[in-house]
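Have the model open as you read.

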Amino acid sequence: MSDSKPAARERPLSPHLQIYRWPVTMATSITHRITGVGNALGTVLVLWWLVALATGPDAYALVQAVMGSIPGRLILFGFTLSLVYHMLNGIRHLFWDAGIGFRVSTASVVSVIIYTLALAITLGMWAAAYALGGGVR
Amino acid sequence: MSLRTPLSKARGLGSAKDGVGHFIGQRATAIANIPLVTCFLVSVVLYGAADYETARAYLAHPVVTILMGLFFVSIFNHMRLGLQVIIEDYVANDGSRLALVLLVNFAAFAAVFSSLFCLARISFAG
Ligand code: HEM
C-alpha cells in the first residue's frame with residue numbers, strides 16, 4: 001500500500017448560484033421555500049393566540065398587547081404576506097405538477113402576477129381588518 | 001459493465017432515499033390547504049383583533065370549530081412534510097438529519113394536539 005492517495009479525479013462542478021442571471025422564476029422558487037419556513041414560524045404565533053384564548057382573559061390580553069404593538073403588527077403583516085404568497089405560488093406548483101404552465105414566457109409572467117397579487121391581497125386584508133377595527137361583533 | 005438495471009440503480013438515490021408517499025402527501029395537503037387557509041385568512045380579517053368574548057364566541061360555533069380543526073390538521077401535516085424536505089436537502093450529517101426530522105415530527109404532532117385541544121375546550125365551554 002502506498003500512502004499517496006490516488007489523484008482526485010477532476011469532475012465537473014455545477015456552476016455556482018452567482019453565475020446565473022436571476023430570472024424571476026428563480027426568485028419565486030426560493031421565495032416558496034422561504035415562505036414555507038415563514039409560515040411554519042408564523043403558526044407558532046397562531047398557536048400562542050389560540051392557547052391564550054383557551055386559557056383566559058389575562059393570557060389573551062397579553063397576546064393582544066404584544067401582537068398589537070408596532071413590531072407585532074409588522075411581524076403579522078409579514079406572516080400574512082408569506083401565507084398569501086405561498087398559497088398563490090402553491091396553486092401554481094399544483095398546475096406544474098399537472099404539466100401546465102411550463103413555458104418560460106408563461107412561467108415568468110405568472111411569477112410577476114403572483115408577487116403583485118400577493119402584495120395586493122395582503123394589503124386588502126389589512127385594510128379590511130383596520131376598517132373593521134377590533135373585529136366583527 | 002454492470003448487469004444492474006437502470007431502475008435498480010436509481011432506487012434509493014436522492015437525498016431522502018425514498019418518498020413517493022411523501023410527495024403525494026405534500027400535494028394532498030396542499031390541495032386541502034387551499035380552502036382551509038382561505039377560511040383562516042377570512043376569519044383573521046374578521047376576528048383577528050376581536051376582544052376575548054367575541055373571539056371565543058366565534059370559535060365556539062360548531063362550523064367554525066370544525067373548519068379550524070381541519071385547518072390545523074392539514075397545515076401541520078403539510079408543514080411536517082415540507083420541513084422534512086428542506087432538512088433532507090441541507091443537512092448532510094446522518095445523525096443531525098435524523099434528529100431534526102424527528103424534532104419536526106414531534107413538534108407537528110404536538111401542534112396538532114394542542115390546537116385541537118384548545119378548540120375543543122373553547123367550543124365545549126360554549
Ligand atoms: C395555503 C395553501 C398552501 C398551498 C396551496 C401549499 C402548497 C405547497 C406545495 C405545492 C408545496 C411543494 C412545493 C415543491 O414541490 O417544491 C409546498 C411546500 C411547502 N409548504 Fe406549503 N402550501 C400551503 C400552505 C402552507 C402552510 C400553511 C405551511 C406552513 C405551516 C406550508 C409550509 C410548506 C413548506 C415548509 C414546504 C416545503 C418547501 C420546500 O420544499 O421548499 N405551506 N406547499
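Which residues coordinate the iron atom of the ligand? In this predicted model, A:His86 and B:His78 do, each through NE2, at 1.9 to 2.0 Å. Donors here are N, O and S atoms within 2.8 Å of the metal (3.2 Å for Na, K and Ca), and with water not among the atoms, sites may look incomplete. The iron site is octahedral, with angles of 88 to 179 degrees among its six donor atoms; for six donors that label needs opposite ones over 155 degrees apart and all others between 65 and 115. Since A:His86 sits in one chain and B:His78 in the other, the pair joins two chains. Both count as buried, meaning under 20% relative accessible area (1.4 Å probe, protein chains only):

| Residue | Helix | Relative accessibility |
|---|---|---|
| A:His86 | α3 of chain A (residues 70-97) | 14% |
| B:His78 | α4 of chain B (residues 62-90) | 15% |

Helices are DSSP runs of H or I, at least four residues, numbered from the N terminus.

Now for the interface. Chain A brings 31 residues to the contact and chain B 37 residues, counting heavy atoms within 4.5 Å. Two salt bridges link the chains (a side-chain nitrogen of Lys or Arg within 4 Å of a carboxyl oxygen of Asp or Glu). A:Asp97 pairs with B:Arg27 in a salt bridge, the closest N and O atoms being 2.8 Å apart. On the side of chain A that touches chain B, α1(A) gives the most, with 12 residues.

Residues are numbered from 1 along each chain as written, and chains are lettered from A and ligands numbered from 1 in written order. Local features need pLDDT of at least 70, side-chain atom pairs 80 or more, while totals for chains, interfaces and linings use all residues; side-chain values use heavy atoms, leaving out hydrogens and water.

How values were computed: Four donors count as tetrahedral if all angles lie between 85 and 135 degrees; four count as square planar and six as octahedral if opposite donors are over 155 degrees apart and all others between 65 and 115; anything else is irregular. Buried means under 20% relative accessible area, exposed over 50%, partly exposed in between (1.4 Å probe, protein chains only).
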